[in-house]
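Please look through the sequence and the three-dimensional model shown here. The report below goes through selected features of the model.

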Amino acid sequence: MLKSATKWLACVFTLVSWACSGASATSDNKSNPENQMTETDSIPTATAPAAGDVLVDISTTAGDIQVRLFGDTPRHRDNFLKLVKEGFYDGVLFHRVINEFMVQTGDPDSRNAAPGKSLGTGGPGYTIESEIVYPRHFHRKGALAAARQGDQVNPERRSSGSQFYIVTGKAYNESQLKQMEGQMKMMQQQDIFNRLAAERRSKIMELRRNNDQAGIQKLQEELIAITEKEAAANPVALTPEQRKAYSTIGGTPHLDGQYTVFGEVTKGLDVVDKIQQVPTGAADRPLEDVKILKITVVK
């Protein structure tokens, strides 16, 4: 059995509550960059330039940002370049900005949006299969990642077809990093437990219909044991590169492995900092519009 199994289960789900919700645990919206569809000017890069990487310039009303799109996330890179070629991003707002977390953009409905209009549900009409290359790409400050719907409605973690965010985050000390690792392990256990429960949904529903509490408890204990074994076989820990980045320039480590990171800022991080500090109102929308003027591919 897992250590403190009762406490752990309270953080995940009992099979009864899982069957009722049919979903995984959700996070507070300020720590979860979702696509709700129903310092310095230059920083050291996290990964060495590789074949297939592409540089793009993002011109905004706050200044210019240069981003490198990763060649090892080709679906996201190629989709981004397609949208750039179409002028899809021209005029869209940074519609969701949270200081020490991230700045988000890419909703076509934000173009010329009236003040106070709720944003964040727009897109090109499709999603993209996830390309989570972890731990090679992680949520260090300056990382560019795809927004998406939450796990409860998007268990495959497919990315929004257009919305993306740039990480700002904050720096963590060693004690905080250790605590973060504990949270990452908890999330791993939640993911395993929820996957196992989903695979047995029909059995769980049958037990519930028969009000077989003993059967539910037995199955629950079996899934806990399997979860413990799988988690032990794939231990979660921050890499040396992550520890160095998160303790110096900072980032949002609790998002690692959950979202597709497909690029990083190479110049203009001071502009990103400027955007993250603007005053915001309802739904974290800037009170004064900050928009993308144009995105161009660097020749």
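The sections that follow treat the basis of the model, its aromatic contacts, a helix, a strand and some backbone details.

## Basis of the model

This is a predicted model, in which local features need pLDDT of at least 70 and side-chain atom pairs count only at pLDDT 80 or more, whereas totals for chains, interfaces and linings use all residues. Residues are numbered from 1 along each chain as its sequence is written, and side-chain values use heavy atoms, with hydrogens and water left out.

## Aromatic contacts

A pair of aromatic rings is described by the distance of the centres and the angle of the planes. The structure holds 7 aromatic pairs, where rings of Phe, Tyr and Trp (its six-membered ring) pair if their centres lie within 6.5 Å, and planes under 30 degrees apart count as stacked, over 60 as edge-to-face and the rest as tilted. One of these pairs is formed by Phe80 and Phe164, which are edge-to-face at 5.4 Å centre to centre with 70° between the planes. This pair links distant parts of the chain, since Phe80 belongs to helix H3 (residues 74–86) and Phe164 to strand E8 (residues 164–167), 84 residues apart; helices (H or I, at least four residues) and strands (E, at least two) are DSSP runs, numbered from the N terminus. Phe80 has a relative accessible area of 2% and is therefore buried, and Phe164, at 1%, counts as buried too, the classes being buried under 20% relative accessible area, exposed over 50% and partly exposed in between (1.4 Å probe, protein chains only).

Phe88 and Tyr89 form another edge-to-face pair, with 5.5 Å centre to centre and 80° between the planes, and both residues are buried. Phe80, Phe88, Tyr89, Phe164 and Phe262 form one aromatic cluster. Arg148 lies over the face of Tyr259, at 4.3 Å from the ring centre, where a charge sits over a ring if NZ of Lys or CZ of Arg is within 6 Å of the ring centre and within 35 degrees of the ring normal.

## Helix H3

The 13 residues of H3 should span 18 Å at 1.5 Å a residue, and the end C-alpha atoms are 18 Å apart, which agrees; the expected span is 1.5 Å times one less than the number of residues. In H3, His76, Arg77, Asn79, Phe80, Leu83 and Val84 are buried, and just after the helix Gly87 takes a positive phi of about 75°.

## Strand E1 and its partners

E1 pairs in the antiparallel sense with strand E2 (residues 63–69) over 7 bridges, two strands being paired if DSSP finds at least two bridges between them. E1 and E2 form a hairpin with 2 residues between them, and Asp57 stands opposite Gln66 in E2. E1 also pairs in the antiparallel sense with strand E10 (residues 292–297), over 5 bridges, and here Ile58 stands opposite Ile295.

## Backbone details

Most residues other than glycine have a negative phi, and most peptide bonds are trans. A cis peptide bond joins Tyr134 and Pro135, with omega about 10°, and Pro135 lies in the loop between strand E5 (127–128) and strand E6 (143–146).

Glu100 has a positive phi near 60°, lies in the loop between strand E3 (96–98) and strand E4 (102–105), and counts as partly exposed at 46% relative accessibility. Ala283 also has a positive phi near 60°; Ala283 lies in the loop between helix H8 (269–276) and E10, and is exposed, with a relative accessible area of 57%.
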